[in-house]
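Please look over the structure below together with its sequence, and then read the notes that follow it, which are grouped by topic.

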Amino acid sequence: MKYWRGFLVAGIIAACTWGLTTFAQTHTTLIDMIFPYVSRMITGGTAQWSASVSFCMWQALLIFAVLGICGLLALGIVLRWNILQLSGWIAAVISLIVFLNTGIFGMNDYAGPLADDIHLDVSNYELSELEDAAKYYLEEAIKAKENIPTDAFVGAEIVFPEFETLAEQAADGFNSLVYDEKFSVFAGSMVPVKKLGWKGYYTGNSTTGVTVHLTGEAAVNPDVPGILLPFAICHEMAHRMSIASNRDANFSAFLACTHNEDPYFVYSGYVNAYRYCLKALKSFGSENATAAVARLEALENGRFAQDISTIDSFYKDSEDATEFRENVQLLVSWYIQEVYLPDHMDEEVPSFDPLDETQVDLNGFVNGPAA
């Protein structure tokens, strides 16, 4: 029996993990009310702790863990330990790590969507609405590009600031969302993101960043193109703020970039939003969608083709049509609610007068006009 104790402990911990997940699935309202705040508080604390070193602590711990497991197995063989018993305790440690990750962050998968927290009315969109939103983001990207200092241009290409500078500046957008827009969902850790190690591996997999909540570290691949880097930094910070889904984290990155006073962030936010809308339009493949793409690219006049191509090259074929359409559902809804409707609220609606013969045909009524 003693040889199976480790597996027994691992099984008990796995059962607890399953219990947490099941509870989250069946009590989504309660989870949404409480868990994200607890998660942000815990992650904020671990983020301050791990910020004492510049490298990704979780990557160092992973290396030590792998070396430790290999060493224990080798030592077990040399000293003739029971490998079954040793494997059981290794399984127990792995099971405990999974349990802690679920308890700190994993249940956020069952919390409510970001749209509820920021009072955004999300609905299905028409093709014309998607085109209008794309046009708006394109126009804002043009304005943002004009605000970038001229000495940042090398020919037509923009040279973005260093990674560390952008990482420090990213907090400005989230602070604006919290204190100006009153969105408490973004009141998480503002510790700068770190550079992700093993960048070659992550670039090969088109990965922009990784966030590990056990150490509170949001890390971004330093090989990410400059036009994508501010957006990627804000995306990983959103994950650290317990925003679980990539769709919500992408929209959070857009909001944080466009609320940042730094023109590099604003430009990155609007270019990425425009790209999502353009890609979504292209994915429909209909005659109307193709015509809409042509109209937008004519307005673009090639000014953003290189930036969009650079982002496409990084992602290769890792994105699909479903991802684009999910992302633009939030972008279009935000455009309608925050831009289109406010611009049209002041339009005068003609009043209806039932006795006005220009509005109502009064023929046949007593004392009505002659036919």
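At 39% relative accessibility C16 counts as partly exposed, and C70, at 49% relative accessibility, counts as partly exposed too, where buried means under 20% relative accessible area, exposed means over 50%, and partly exposed lies in between (1.4 Å probe, protein chains only). The structure holds zero disulfides, a disulfide being a pair of cysteine sulfur atoms within 2.5 Å. This is a predicted model, in which local features need pLDDT of at least 70 and side-chain atom pairs count only at pLDDT 80 or more, while totals for chains, interfaces and linings use all residues. Residues are numbered from 1 along each chain as its sequence is written, and side-chain values use heavy atoms, with hydrogens and water left out.

**Salt bridges**

- Side chains of opposite charge can pair when their charged atoms come close.
- The count of salt bridges comes to nine, where a salt bridge is a side-chain nitrogen of Lys or Arg within 4 Å of a carboxyl oxygen of Asp or Glu.
- One of them joins E131 and R295, whose closest N and O atoms are 2.7 Å apart.
- This pair links distant parts of the chain, since E131 is in helix α6 and R295 is in helix α13 (residues 287–300), 164 residues apart; helices here are DSSP runs (H or I, at least four residues), as are strands (E, at least two), and they are numbered from the N terminus.
- Another salt bridge is formed by R275 and D312, with the closest N and O atoms 2.8 Å apart.
- R275 lies in helix α12 (residues 263–284) and D312 in helix α14 (residues 305–315), so this pair ties together parts that are 37 residues apart in sequence.
- R275 counts as buried, at 1% relative accessibility, while D312 counts as partly exposed, at 21%.
- The side chains of K282 and E297 also meet in a salt bridge, at 3.5 Å from N to O.
- Because K282 lies in helix α12 and E297 in helix α13, this pair ties together parts that are 15 residues apart in sequence.
- K282 is partly exposed, with a relative accessible area of 43%, and E297 is partly exposed as well, with 35%.
- Salt bridges that share partners join R275, K279, D312 and E319 into one network.

**Aromatic rings**

- A search of the whole structure finds 20 aromatic pairs, which are rings of Phe, Tyr and Trp (its six-membered ring) with centres within 6.5 Å, counted as stacked if the planes are under 30 degrees apart, as edge-to-face if over 60, and as tilted otherwise.
- The rings of W4 and F7 have their centres 5.7 Å apart and their planes at 45°, so this pair is tilted.
- W4 is partly exposed, with a relative accessible area of 47%, and F7 is partly exposed, with 32%.
- Y136 and Y335 form a tilted pair too, at 5.6 Å centre to centre and with 40° between the planes.
- This second pair links distant parts of the chain, with Y136 in helix α6 (residues 127–146) and Y335 in helix α15 (residues 321–344), 199 residues apart.
- The charged end of R325 sits over the ring of F284, 4.2 Å from its centre, where a charge sits over a ring if NZ of Lys or CZ of Arg is within 6 Å of the ring centre and within 35 degrees of the ring normal.

**Nonpolar surface patch**

- F23, L30, M33, I34, V38, M41 and I42 make a nonpolar surface patch of about 630 Å².
- Patches are made of residues with over 30% relative accessible area and no salt bridge, with like charges joined within 9 Å and nonpolar side chains (Val, Leu, Ile, Met, Phe, Trp, Tyr) within 5 Å; accessible areas come from the Shrake-Rupley method with a 1.4 Å probe, and for residues only the protein chains shown count as cover.
- Helix α2 (residues 28–50) gives the most to this patch, with six residues.
- M33 lies in helix α2, and at 55% relative accessibility M33 counts as exposed.
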